[in-house]
Amino acid sequence: MNKNIAIIGAQFGDESKGRVTHEFSKNYDFIIRYAGSLNCGHTIYVDGKKYAHHLVPCIDFKKSSARGFLGAGMVIDLSSLINELSALEIDFPGVSKRMIIDPDSFLITPEHIQQDKDNNKKIGTTQKGVGPAYVSKVDRKGLRLGDVLRTPSNEYYSLTKKLQKMGVQFKYCLELRSELQSSNIIFEGAQSVMLDINHGTYPFVTSSDCTVSGISSAGFGFIKLDEVYGICKAYNTRVGNGPFPTELYDEEAELLRQKGSEFGSTTGRPRRVGWMDLPAIRYAAVKGGITSLVIAKLDILNGQSQVPVCYAYDKEPVCGSDFFDAVPKYTYINGWNDAKDLNQIRHFIDFVEHQTNLPVKYVSCGTAPEDLLTL
Ligand code: IMP
Ligand code: MG
């Protein structure tokens with residue numbers, strides 16, 4: 001087991017980061033969110049029951065020593081966090097006491113949510129106010145949690161008091177420095193390299209830093225990472241607008257969407273679907289600091305005789321705008337009937353490893369804990 005790891009998206013989000021984080025979390029003390037907000041939906045299963053949370057990190061809810069940290073790079077909707085924690089308290093009493101928020105994070109206000117809804121629909125955002133909250137921050141007009149905590153007359157002060165009553169703590173990451181240095185940590189990424197504000201398919205991106213650099217910019221530069229897992233699916237999806245070189249359409253898309261239950265966990269929107277895109281994964285790996293891969297949802301392709309994989313574009317992408325007019329080239333890999341039989345998927349895994357020059361360390365072939373297999 002590695003001491004400190006990061007789990008980041010190597011496609012367009014929704015790669016099963018939450019599922020992988022939650023499975024790994026049994027062996028970790030801290031699960032830290034460092035960027036993004038409630039725009040993401042991390043879907044996990046505990047004892048067969050489905051939970052889709054947005055702000056709360058994917059800690060092992062059943063392990064009382066596991067803690068979640070919401071880092072300085074995040075923008076936080078306090079009312080939504082209260083609702084999310086209250087719902088989780090029903091099945092996991094005391095979960096709020098295990099949450100710590102960095103007062104250097106910023107708030108999403110109702111005005112930000114309204115602005116996100118009023119903005120033109122070009123990007124297809126989740127309309128949770130995330131972009132406008134980051135705009136306020138960069139414009140030096142943002143509302144910092146720490147300032148609210150110090151100002152009882154602030155209109156959001158009562159929400160911070162409510163969180164405190166529930167047991168949530170407010171602590172700067174440096175106040176936890178020695179504790180963090182003697183802990184095992186997962187940095188749980190949100191969105192993905194392809195949606196990153198700097199390296200994604202701008203302007204069709206989210207507003208935050210989704211690569212490993214988001215970890216140091218949230219104040220964790222003092223923590224050494226032992227491994228950065230890039231998560232991808234055996235196929236590909238995207239919600240919202242923007243380039244998607246391997247996209248499928250019509251009946252073919254509908255079939256894969258239904259098989260993979262590809263509907264947004266935050267907005268319920270049908271996800272756009274397509275085939276695995278290795279040039280995008282290669283790009284995401286280099287830009288994102290990825291050191292090994294995890295491939296999820298291989299079981300969705302069970303029974304397919306051949307699996308199309310894009311192995312190249314007409315030109316290898318070097319920047320986000322190269323994805324707008326990319327012409328994908330496909331190869332067809334022999335399929336499998338049961339992804340859990342590692343002999344059957346070996347050929348596919350070998351191909352991905354060869355093409356990306358990265359080891360594939362785990363595959364996920366279902367939602368149960370035992371369906372995450374070590375290679
Ligand atoms: P925003 O993050 O709500 O501003 O949305 C910007 C773009 O990122 C839109 O295309 C969203 O659909 C996409 N996006 C944001 N969060 C996620 C996510 O967790 N998974 C997938 N797409 C996301
Ligand atoms: Mg998601």
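**Entry 1: the paired strands**

I looked up β11 and β14 and found that they pair in the parallel sense over 5 bridges. For my notes, helices (H or I, at least four residues) and strands (E, at least two) are DSSP runs, numbered from the N terminus, and two strands pair if DSSP finds at least two bridges between them. This is a predicted model, in which local features need pLDDT of at least 70 and side-chain atom pairs count only at pLDDT 80 or more, while totals for chains, interfaces and linings use all residues. Residues are numbered from 1 along each chain as its sequence is written, chains are lettered from A and ligands numbered from 1 in the order in which they are written, and side-chain values use heavy atoms, with hydrogens and water left out.

Next I followed β14 to strand β17 (residues 360-364), and the two run parallel, joined by 3 bridges. Here Val 294 stands opposite Tyr 362 of β17.

How many residues of β14 are buried? I counted 5 of 5 in this strand, residues 292-296. Buried means under 20% relative accessible area, exposed over 50%, and partly exposed in between (1.4 Å probe, protein chains only). Ser 292, Val 294 and Ala 296 lie on one side of β14, with Leu 293 and Ile 295 on the other, so both faces are covered.

**Entry 2: Glu 227**

Glu 227 sits in strand β11 (residues 227-233). Is Glu 227 buried or exposed? Its relative accessible area is 8%, so I wrote down buried. The Glu 227 side chain makes a polar contact of 2.6 Å with the side chain of Thr 291. A polar contact is a pair of N or O atoms within 3.5 Å; within protein, one must be able to donate a hydrogen and the other to accept it, and residues adjacent in sequence count only if both atoms are side-chain atoms.

**Entry 3: two helices**

I checked helix α1 (residues 17-24) and found 8 of its 8 residues buried. Among them are Lys 17, Arg 19, His 22 and Glu 23.

In helix α2 (residues 78-91) I picked out Asn 83. Asn 83 has a relative accessible area of 53%, so this residue counts as exposed.

**Entry 4: ligand 1**

There are 16 residues around ligand 1, and Asn 39, Thr 126, Gln 191, Thr 206 and Arg 269 come nearest; near means that a heavy atom of the residue lies within 4 Å. An N or O atom in the Thr 126 side chain is 2.6 Å from an oxygen atom of ligand 1. From the backbone, an N or O atom of Val 239 is 3.1 Å from a ligand 1 oxygen. The protein covers 97% of the 470 Å² of accessible area that ligand 1 has on its own (Shrake-Rupley method, 1.4 Å probe).

**Entry 5: cysteines**

How many disulfides are there? I got 0, taking a disulfide as a pair of cysteine sulfur atoms within 2.5 Å. The closest cysteine sulfur to that of Cys 319 is in Cys 310, at 16 Å, which is too far for a bond. Cys 365 has its nearest cysteine sulfur, that of Cys 232, 13 Å away. At 3% relative accessibility Cys 365 is buried, whereas Cys 319 is partly exposed at 28%.
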